[in-house]
Amino acid sequence: MRTAIIGGGIAGLAAAYELEQARRAGQKVEYTLYESRHRLGGSLSSEVVDGAVLERGPDSFLTEKPAAAELCRELGIGAELTPSNDADRKTYIVVRNRLIPLPDGLMFLIPTKLIPTALTRLFSLPTKIRMGLELLLPPRPSSQDESVAALVERHFGRETVDRLADPLLSGIFGGDSAQLSARTVLPRLVEMEEEYGSLTRGMLAAHRKMRARIKAAARTARPANVKGSAPAARSIFTAMRGGMNQLVDALTARLDPASVRLSTPVSGLEKTTDGWKIATGVPTDRSLSVGWMAGNKTEFYDAVILATPAWAAGELLGPVDPQLAGELRGIPYSSSITVNLIYDEDQLGRLPDGFGFLVPVVEGRSMLACTFVHRKFLGRTPHGKVVLRAFLGGMKNEALMAAPDEALLATVRRELSEILGEKILPQSAQPEYAQVSRWPRAMAQYAVGHQERMQRIHARVASLPSLRLAGNAYDGIGIPDCIRLGRQAARELLAASFQPTP
Ligand SMILES: Cc1cc2nc3c(=O)[nH]c(=O)nc-3n(C[C@H](O)[C@H](O)[C@H](O)COP(=O)(O)OP(=O)(O)OC[C@H]3O[C@@H](n4cnc5c(N)ncnc54)[C@H](O)[C@@H]3O)c2cc1C
């Protein structure tokens, strides 16, 4: 089976790795990985500057989703997995230039502890009263998808959307809670509403069940007469000690170098009677990363894995299946910017404890979030240095993508100083190093109706059995999901191609 993988982000790399494993195991597999940029990894991009690990894109992945850590272990870089420093985990929300810690007991946006919720300065008294009354809501069948903002507002009021849902979701998806699908992004909350009515009661019941399961598992794992401590809690996030490029490099090292084509955008895709024709070429219009181009080469394959962003997959599939192409182009994307700043500790006052802060859109700032990188992951910043990483952009601020680096740096330094205070971060403090990275249309948004759209996409793909889609647009935005989908795409094609013909 000859397979073309289009897109060398983490999803495409995972697919290529899976095919390479099959090839090494003796299966008749050939593959080519096409990547339009001069490097592999897509949004994963890190470097070490003066001993500090700087992440331009993702800095970690969720530990509870196993696909990424499992792959690292398979690749022999398991020892490089680094847990987040959860002992110091504290996140603030900016409210009128003050940093207010998220109250203890928040689970998936839901307040579950009475006293911290009653005492927090994050919410006004009317919101707190509403949170109490929420406990009385009766079960509610849900027939239609709605936005996360609508769901949260119905239960806890507008202030909770502005100060909690919006900043938390823009931190994860670069998204807008008024557009994101509750069913896709927070399916557990939708189920809880159906079963319990009150999300707080639903969350408390789920928590009780989870604790009972953990206790039961601990009892079966440990003979009754042996006393011992409970299993150590896992960190929420896992990073790579030397940066995300370690994963990209380890995957690349496993591939057959002859099968990887960098700086090779796929410009055209055509279905033939028994396979696929692929055109590659330099874009005639350099502002486009994909589109019909002066294709300078065509090649034939039995199967194709499209691991580009969905909008790029939609462009390529236009001539093959206009309906599928339209669905893919309809998946919205947001753009984001990261700014890494390295400071000498002596230049700054003491930063507040914790991992950093989120900035609600209603605060009217350019920054969406800031991570205190040297605190979140220990051992990746030299002693005496401070690394701050700011996020900008998102669905409501696409225009920032066009701003020059100097303007973005000036904005970030001014806003940091206003939020943290002149004493902690004087505007005069010069970073020793500053780095701006832009990610245009890199984060898919699971908008209201995403699941229905996915059903239509699956139905169309089923009519093209030698085609698979992989990437962050479909069934999970994070690195582990992209790895899972990339590997699954390759496995499905392998299984189909090696089935005995009837
Ligand atoms: C700033 C930022 C921070 C993030 N933080 C986190 C985080 O902390 N944790 C987490 O789990 N996730 C995070 N994410 C999300 C996660 O990184 C992405 O969802 C994931 O990396 C996407 O991988 P992918 O392979 O689907 O797509 P991409 O990484 O976008 O890769 C697609 C590739 O396809 C190539 N391509 C496009 N068109 C063509 C063509 N015509 N021909 C050939 N190649 C083409 C592109 O050049 C690109 O390399 C973050 C994302 C961003 C942008």
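Is proline 66 buried, partly exposed or exposed? In this predicted model, proline 66 is partly exposed, with a relative accessible area of 47%. The residue sits in the loop that joins β5 (61-62) to α2. Histidine 38 lies 28 residues from proline 66 in sequence. In space, the C-alpha atoms of proline 66 and histidine 38 are 29 Å apart.

Confidence in the model was examined next. The mean pLDDT of the chain is 91. Of its residues, 94% reach 70 or more. Over residues 226-231, however, the pLDDT is below 50. That stretch has 2 contacts in the model beyond near neighbours in sequence. A further stretch, residues 284-294, also has pLDDT under 50. For residues 284-294, the model has 22 contacts beyond four places in sequence.

Helix α2 (residues 67-74) packs against helix α16 (residues 479-497). The axes of α2 and α16 come within 7 Å. They cross at roughly 65 degrees, which means that α2 is roughly perpendicular to α16. On the α2 side, the contact is made by Ala67, Ala68, Leu71 and Glu74. On the α16 side, it is made by Ile479, Pro480, Ile483, Arg484 and Arg487.

Helix α16 also holds alanine 495. Alanine 495 is partly exposed, at a relative accessible area of 41%. Proline 465 is 30 residues from alanine 495 along the chain. The C-alpha atoms of this pair are separated by 12 Å.

Alanine 15 belongs to helix α1 (residues 10-24). Alanine 15 is buried, at 0% relative accessibility. Its contacts, leaving aside residues up to four places away in sequence, are with Ile5, Ile305, Gly486, Arg487 and Ala490. Arg487 is also among the α16 residues that meet α2. Alanine 15 and arginine 484 are 469 residues apart in sequence.

Cysteines were then considered. A disulfide is a covalent bond between the sulfur atoms of two cysteines. The structure holds 0 disulfides. For cysteine 482, the closest cysteine sulfur is that of cysteine 72. The two sulfurs are 14 Å apart, so they are too far from each other for a bond. A disulfide would need the sulfur atoms within 2.5 Å. Cysteine 482 is buried, with 7% relative accessibility. Cysteine 370 is likewise buried, at a relative accessible area of 2%.

Two packed helices are described by the angle between their axes and the distance between the axes. Helix α11 (residues 310-317) and helix α12 (residues 322-329) pack at about 160 degrees. Their axes are 7 Å apart. The angle makes α11 roughly antiparallel to α12. The crossing of α11 past α12 is left-handed. From α11, the contact residues are Ala310, Trp311, Ala313, Gly314, Glu315 and Leu317. These meet Pro322, Leu324, Ala325, Leu328 and Arg329 of α12.

Helix α11 has 7 of its 8 residues buried, so it is largely enclosed by the rest of the structure. The buried residues are Ala310, Trp311, Ala312, Ala313, Gly314, Leu316 and Leu317.

Helix α12 also packs against helix α15 (residues 450-462). Here the angle is about 145 degrees, and the axes are 10 Å apart. The crossing of α12 and α15 is left-handed. Helix α12 contributes Gln323, Leu324, Gly326, Glu327 and Leu328 to the contact. Helix α15 contributes Arg453, Arg456, Ile457, Arg460 and Val461.

Phi of aspartate 50 is near 50 degrees, a positive value in a residue other than glycine. Aspartate 50 lies in the loop between β3 (46-49) and β4 (52-55). At 65% relative accessibility, aspartate 50 is exposed. Phi of arginine 441 is positive too, near 45 degrees, and this residue is again other than glycine. Arginine 441 is placed in strand β21 (residues 433-444). With a relative accessible area of 39%, arginine 441 is partly exposed.

Methods. Residues are numbered from 1 along each chain as its sequence is written. This is a predicted model: local features need pLDDT of at least 70, side-chain atom pairs count only at pLDDT 80 or more; totals for chains, interfaces and linings use all residues. Side-chain values use heavy atoms; hydrogens and water are left out. pLDDT is the predictor's confidence in each residue, from 0 to 100. Contact means heavy atoms within 4.5 Å. Buried means under 20% relative accessible area, exposed over 50%, partly exposed in between (1.4 Å probe, protein chains only). Axes are lines fitted to C-alpha atoms, for helices over the stretch in contact, and angles run from 0 to 180 degrees between N-to-C directions. Helices (H or I, at least four residues) and strands (E, at least two) are DSSP runs, numbered from the N terminus. Angles under 35 degrees count as roughly parallel, over 145 as roughly antiparallel, 65 to 115 as roughly perpendicular and the rest as oblique. A crossing is left-handed if the near helix is turned anticlockwise from the far one by less than a right angle, and right-handed if clockwise.
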